[in-house]
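Hi everyone, thanks for coming. Have a look at the slide with me, and we'll walk through it together.

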Amino acid sequence: MSNIEDLITPEECCIHYNIELTFIQALNEYGLIEMISVEEKQFIPNARLQDLEKFIRMHYELGINMEGIDAIAHLLLKVKSMQEEIAELKNKLQIGNAY
């Protein structure tokens with residue numbers, strides 16, 4: 001469980017980033033931003049703010065809709081997973097060549 005100090009309300013995010021609450025709600029509905037309930041109030045973990053900022057840039061600066069953001073986020077996760085797999089395979093090859 002996160003400390004309350006490590007959480008921010010969606011409303012505070014909206015004020016800080018000058019965005020609509022419906023944008024954050026849509027990100028949550030698409031599963032792109034994790035929301036935590038504490039005493040029946042919703043919060044966003046501070047650890048997810050970097051992702052939120054990325055999605056804000058995609059939507060507000062690049063004009064990408066929610067479906068596009070969802071697709072991009074999915075592809076980025078796939079790329080990251082593949083990069084990790086490639087690094088793992090390279091390590092196995094290096095270990096195998098050492099003998």
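Quick housekeeping. This is a predicted model, where local features need pLDDT of at least 70 and side-chain atom pairs count only at pLDDT 80 or more, while totals for chains, interfaces and linings use all residues. Residues are numbered from 1 along each chain as its sequence is written, and side-chain values use heavy atoms, with hydrogens and water left out.

Okay, the overall picture. We've got four helices and three strands, in the order β-α-α-β-β-α-α from the N terminus. Helices here are DSSP runs of H or I with at least four residues, strands are runs of E with at least two, and numbering starts at the N terminus. The C-alpha trace spans about 60 × 35 × 20 Å along the principal axes.

How much of the protein is buried? Buried residues are 29% of the 99; buried means under 20% relative accessible area, exposed over 50%, and partly exposed in between, with a 1.4 Å probe and protein chains only.

Back to α1, residues 10-17: P10, C13 and C14 are buried there. They sit on the same side of α1 because they cover an arc of only 100° around the axis, taking directions from the helix axis to the C-beta atoms. Over on the other side, I15 and H16 are exposed.

And what do the buried ones pack against? That would be β1 (7-8), α2 (21-29), β3 (41-45) and α3 (49-61), with contact meaning heavy atoms within 4.5 Å.
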